[in-house]
Amino acid sequence: MSQLPAPSPEALAHSARLQAEIHRAIVQQGGWLPFANFMEMLLYAPGLGYYTAGARKFGSAGDFVTAPEMTPLFGQALARQVAQIMALSAPRVLEVGAGSGRLAADLLLALERLGQLPERYAILDLSADLRQRQQQTLADAAPHLLARVEWLDHLPDEFSGVVLANELLDALPAHLVRWDGEEIRECGVVGDAAGGFMWNERAAGGSLLAAAREIADSCDLEPGYLSEISLAARAWAAEWGHRLQRGALLLIDYGFPRHEYYHPQRSAGTLMCHYRHHAHGDPFYLPGLQDVTVHVDFTAIIAAAHAAGLDLLGYASQGQFLLNCGMLDLLAEITRDTPDYVRAASAVGKLLMPHEMGELFKVMAIGRGIDGGLSGFAEGDQSRRL
Ligand SMILES: C[S@@+](CC[C@H](N)C(=O)[O-])C[C@H]1O[C@@H](n2cnc3c(N)ncnc32)[C@H](O)[C@@H]1O
């Protein structure tokens, strides 16, 4: 880790505070914290977690770049799919995990140009710090549309329209599991003698064990195979079974269908940390100063949603989905040989190319009461692979 940029003294002090808080939680839990609880504290401990404190996070000055931060064309392409779903359900959008608010601004401006503004654009984000950033972004970029935007404190009991989540599911706390032949172990975190953290395993139980057994039954896992199971992501998708009346969830994230997720070659899992544009696999490094994520098992997401009474409406690679939404036409509308065009073309390349974000990222639409095919999945729908 010595090659990573050194944090400021204030950042180190912040990290030490979170570390102390996690140590207290470990003691309170009897000396052992499931990794999912550890990850939740790293990201969302009130006032201290990576997302709940004031770190820069997104963009070139932060730790990672998400699609909406790369180009407004992402939101513009997405707007076409959002408009179609609204026309088939209700003129409302709810964005969950809205980050800097960039996607909300781009989407609203694009929907305005299409003449299909939603009556309400709701945002739900766990982070009070990001909520402020979202308000600022929208006030700067689309002040005339701000009145349509509202911030929620929890998921609505009933909703019709489009629920949008870009890179939300990968940021939900996941459990870590080791399959050792007949035995299934859960990985947890304990304190070490130097005041840091170390791994410790115990037998998995309850719903985690049931989920791990199901995966073992359908995948070829060598003894010692280590990976993640996100019960939180499954539960989040299932929540919509009783909340979504008519409409669709559009979930965009990096991940795979189950047989690729739990592939023999991915025997150390997908846990990834991001610190100032460096990716590594050590979640104990600088608690609170780095993002910690896992890839999404899209088979588990649709299975949970399906069990809750929702339908799969489409599943495609991000590249294919954005092409179906006319991203290249949108690029062609920018005057060639201008700095704007060069910037946009480079971002579009990254979003579409299979070896960049085009293939690793997927788009899944899950819904209820939507008749007719969705335009974003018109070509290259891979639902059969789930
Ligand atoms: C990786 S960021 C993605 C942000 C943004 N969508 C983007 O693409 O730039 C994850 C976002 O989800 C939010 N978040 C995480 N868990 C959440 C939850 N359970 N409910 C609402 N927001 C959540 C975080 O605060 C953060 O804004």
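**Ground rules.** I number residues from 1 along each chain as its sequence is written, and for side-chain values I use heavy atoms, with hydrogens and water left out. Since the model is predicted, I ask for pLDDT of at least 70 for local features and count side-chain atom pairs only at pLDDT 80 or more, while totals for chains, interfaces and linings use all residues.

**Strand 6 and its partners.** I took helices (H or I, at least four residues) and strands (E, at least two) as DSSP runs numbered from the N terminus, and I called two strands paired if DSSP finds at least two bridges between them. Strand 6 (residues 175–180) runs antiparallel to strand 9 (residues 225–229), and five bridges join them; here I found V177 opposite S227. Strand 6 is also joined by five bridges to strand 7 (residues 183–191), again antiparallel, with L176 opposite C187. In the hairpin of strand 6 and strand 7, two residues lie between the strands, and G181 takes a positive phi near 65°.

**Salt bridges.** I counted a salt bridge where a side-chain nitrogen of Lys or Arg lies within 4 Å of a carboxyl oxygen of Asp or Glu, and the search of the whole structure gave 13. For exposure I used relative accessible area, with buried under 20%, exposed over 50% and partly exposed in between (1.4 Å probe, protein chains only).

I looked up E201 and R185, whose closest N and O atoms are 3.8 Å apart. E201 lies in strand 8 (residues 197–203) and R185 in strand 7, so this pair ties together parts that are 16 residues apart in sequence. E201 is partly exposed, at 26%.

E239 and R243 meet in a salt bridge at 2.6 Å, N to O, and they are four residues apart in helix 8 (residues 231–243), about one helical turn. I noted E239 as partly exposed at 25%, whereas R243 is buried at 14%.

D297 and R258 come to 3.0 Å between their closest N and O atoms. D297 belongs to strand 14 (residues 296–297) and R258 to helix 9 (residues 258–261), so the pair ties together parts that are 39 residues apart in sequence. Both D297 and R258 are buried. I also noted that salt bridges with shared partners join R178, E183, R185 and E201 into one network.

**Aromatic pairs.** I paired rings of Phe, Tyr and Trp (its six-membered ring) if their centres lie within 6.5 Å, taking planes under 30 degrees apart as stacked, over 60 as edge-to-face and the rest as tilted. The whole structure gave 18 aromatic pairs. Y275 lies in strand 11 (residues 272–275) and Y285 in the loop between strand 12 (278–280) and strand 13 (291–293), so the pair ties together parts that are 10 residues apart in sequence. Y275 is buried at 2%, and Y285 is buried at 15%. My last entry is that F35, F38, F197, W199 and F284 form one aromatic cluster.
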